[in-house]
Amino acid sequence: MVEIDCRGKACPQPVIMTKEALEALGERELILIVDNPSSCENVERFVRSQGCSVEVERKDQDFYLHIQKGKVCDEAKGTPKEKLKRVLVYINSHLLGVGDEKLGSILMKAFLKTLLDLEPKPFRLILINSGVRLASEGSDVLETLRNLSEQGVEILSCGTCLDFYGLKEKVKVGVISNMYEIAQSLLEADRLVRP
Amino acid sequence: MKCVFLFGSIHHVMKAEKLLKGKGMEVDLIPVPREISSDCGVAIELPLGLKENVLHLFKENKISILECYTKADGREFEKIG
């Protein structure tokens, strides 16, 4: 067990020493001692950001941080997936990219079909402006959107946009949504994908 | 069973799609499956039964294809041309 005494060291010294110790650490456990609450908090936050688990023990004026590096690998593996839990795909046109329309239409179709084969799946797909055409009657990606929907991807079409394009009665897949829900989704997503 | 055609350029894909759709055929544009090629691209998928007819149409309209595959129910591709 490695013990590092950072008492008397000013911030950010304890954090730097922690970082170095974690990098060099052959063993999986480390005890770090600091003598003030802000150092304790900083180190605690840092090691958690590195995927370690930490328990703080107060002894008189000092803080003993029991850091478990063992969690680094385990949690680091789980972390990307965890973080990517809420990938939001935001489609604001029925075309992908700026340029030729026919090409844009082909690329959008290819993009959506490719999503079917890739991980992680987005939790939600938002269609806005002419993007709503993709989920409406006459679209040639309805089957693809249905497959995505079956795989758990929520498909939201902007109601105002459907109304504008006269497609409100012609939505074939997903649900009709509103700006409140759309804006909320954008704010809450861990990652936003705008093809 | 489906049949997948690969072309040398997106322009050929678009021309082929237009031609076949014009003939009332059931064609689908798909991203070129990773199993076949790592190149970025779009391919045309259609029912295998239409293959001979389509090849004839391509020849007639001077649309050259790069490769042709059959696609079994899952994702098994077999090169046939």
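Analyst: The pair is helix 1 (residues 13-24) of chain A and helix 2 (residues 37-49) of chain A, whose axes come within 9 Å and cross at roughly 35°. The crossing of helix 1 of chain A and helix 2 of chain A is right-handed. This is a predicted model, and its scores are ipTM 0.72 and pTM 0.63.

From helix 1 of chain A, the residues that take part are A:Pro14, A:Val15 and A:Thr18. They meet A:Ser39, A:Asn42, A:Val43, A:Phe46 and A:Val47 in helix 2 of chain A. By class, the residues of this contact between helix 1 and helix 2 of chain A are five nonpolar and three polar, with no charged residue.

The rest of chain A gives the setting. Chain A has 195 residues, of which 30% count as buried. Its secondary structure comes to seven helices and nine strands. Among contacts in chain A with a separation of 6 or more, 67% are between residues 24 or more positions apart.

A:Met1 lies in the segment before strand 1 (2-5) of chain A. In sequence, A:Met1 and A:Glu29 are 28 residues apart, yet their C-alpha atoms are 6.0 Å apart. A:Met1 counts as exposed because 8 other C-beta atoms lie within 10 Å of its own, and the cut-off for exposed is 12 or fewer.

Chain A also touches chain B. Seven residues from chain A and six residues from chain B make up that contact. On the side of chain B that touches chain A, the elements giving two or more residues are helix 1 (10-22) and strand 2 (28-31) of chain B. Strand 2 of chain B provides the largest share of that side, three residues. The residues on the chain B side are six nonpolar, no polar and no charged. The helix pair in chain A, by comparison, includes three polar residues in its contact.

As for confidence in chain B, the mean pLDDT is 88, and 96% of the residues of chain B reach 70 or more. Within chain B, confidence is lowest in strand 5 (residues 77-79), at a mean of 87, and highest in helix 2 (residues 51-60), at 94. Where pLDDT is low, predicted coordinates should not be read in detail.

Conventions
Residues are numbered from 1 along each chain as its sequence is written. Chains are lettered from A and ligands numbered from 1 in the order in which they are written. This is a predicted model: local features need pLDDT of at least 70, side-chain atom pairs count only at pLDDT 80 or more; totals for chains, interfaces and linings use all residues. Axes are lines fitted to C-alpha atoms, for helices over the stretch in contact, and angles run from 0 to 180 degrees between N-to-C directions. Helices (H or I, at least four residues) and strands (E, at least two) are DSSP runs, numbered from the N terminus. A crossing is left-handed if the near helix is turned anticlockwise from the far one by less than a right angle, and right-handed if clockwise. Two residues are in contact if their C-beta atoms, placed from the backbone, lie within 7 Å. Ala, Val, Leu, Ile, Met, Phe, Trp, Tyr, Cys and Pro count as nonpolar, Asp, Glu, Lys and Arg as charged, and the others, Gly among them, as polar. A residue is buried if 20 or more other C-beta atoms lie within 10 Å of its own, exposed if 12 or fewer, and partly exposed in between; C-beta atoms are placed from the backbone. pLDDT is the predictor's confidence in each residue, from 0 to 100.
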